[in-house]
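Hello,

Here is the structure for you to look through. My notes on what was found follow below it.

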Amino acid sequence: MALDVRAVAPLYQGPDINKIRLIAQTTKKSTTPPKALTPAKTKLTTIETKRIMSVLDETIHKVELVSLLSHAASESKISEGMQGPDVTKAVREHEDLCQVLLDRVSYLQEEERKLQEAEEFEDEAWFREHLFAMDEQKSQLPQLMQEIKESTKNVVRLLLSNPQAASLLQAQTLGRSEEAQCFIDSLVELRGFLFEKLLTSPMEARDKIQFIQDITRRNRRHQDIIDTLENELAACVRNRNAEVEKENFVIQELKNHLHQVLKFSENSLQRTKQEAEKQQKADFRASQARVAKIQQEILVLQSQFHNLVMENREAEQALRKKKYKVETEIENWIQKYDSEMSEKQEEYEELDIIHKEEQLQLEELKKRYDVLVEEFSQIQAEREILTKKRLEDEQEMVRMVRAATLIQALWKGYLVRSMLKSKKKKRGKGKGEKEKGKRKGKGKK
């Protein structure tokens, strides 16, 4: 109970604020947004978000004022600089209440420690009386804490109503404790997080969550790979240690063997030296006899060499004369070859110039031929078109002649039929008139 009460002590002097600092630092490390997911908006647009930010700013301002109350109460200059006796009186009363609470809490902690050390006397009457007294003091702590809360509200209300005193108090940033400063920094950081959260749209929040999930999955994969590599490294280290132990054992055996070899080599070296000295003396005697023999052979070979040099010198002079003659003939042939090749080269250049001119003429003739071929194809196409048109005209003329002949025949037939019909009508009219005349003659009679 005493530890819980101490956690609710003044905001500028509580040891549990370290926990808040650790939590704030962890949150800062884990929730630092990547640059790629910054919100698109930079200002708040709705009234609700502005109200939320204003409430948080006001809270930070009040916490900054409350965290400096203890320093203001201890510094007489600051207390004198505050205008109005109400502010000074309220600050001192608040400091007195906080000091009383801290004294009681420290006393209760000390008593609890003593009682824990004296647990073996818990059945004694004095132990129960002491425990009952501590419970009574603990029951008075909530009322004292409520008074401190009311006093804090009153002091903050007076400071907000007196801006000059608030600015004077807020300027004394050096008097704030490290825990309180850390708590204020955490609130400022919380303001940044909340501001970013209010600026973030649902779509951006969804993208941010997806990005964090991708990073988490990637981190898990990387962690699995790291674990695998660490296991492989541990296995390699174990194998290496085993190999090193084996090599150390082999090296130790080789050292022992080398020590034995050295001992054996010293003895053998001495025997070898003695044998080498004996062999050297024998070889020296043999080499002296061999040197005398070789010197005699050298004298014989020198005389033979002199004779061969004299013989080869005469042959060399004959070969030199032959070589000079061949070289002069080669030079003459080369000059003749150069002159003929120069003539051939000039002839080739002239033929090449003629060939290039003929090539140009051939290209011009090809161009003219292409033009003539194109014109011929156009003329041939026009002739085909004219032939087709003439055939169509002739066919059309034949059809028209046939049609005219048919029309004339039909017209002549029509005229013949109409003439026959008119003749028949005239004959009928003549017969009718004759019958009427006969009838009239009969009537007159």
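**Contacts, fold and charges**

Among contacts in the protein (heavy atoms within 4.5 Å) between residues at least 6 apart in sequence, 82% join residues at least 24 apart. This is a predicted model, in which local features need pLDDT of at least 70 and side-chain atom pairs count only at pLDDT 80 or more, while totals for chains, interfaces and linings use all residues. Residues are numbered from 1 along each chain as its sequence is written, and side-chain values use heavy atoms, with hydrogens and water left out.

The protein has ten helices and zero strands; helices (H or I, at least four residues) and strands (E, at least two) are DSSP runs, numbered from the N terminus. Of its 445 residues, 16% count as buried, where buried means under 20% relative accessible area, exposed over 50% and partly exposed in between (1.4 Å probe, protein chains only).

There are five salt bridges, each a side-chain nitrogen of Lys or Arg within 4 Å of a carboxyl oxygen of Asp or Glu. One of them joins R191 and D57, with the closest N and O atoms 2.4 Å apart. R191 lies in helix 9 (residues 178-199) and D57 in helix 3 (residues 47-66), so the pair ties together parts 134 residues apart in sequence. R191 is partly exposed at 28%, and D57 is partly exposed at 31%.

Another salt bridge links R320 and E316, at 2.8 Å between the closest N and O atoms. Both residues lie in helix 10, four residues apart, about one turn of the helix. R320 is exposed, at 56% relative accessible area, whereas E316 is partly exposed at 37%.

Regards
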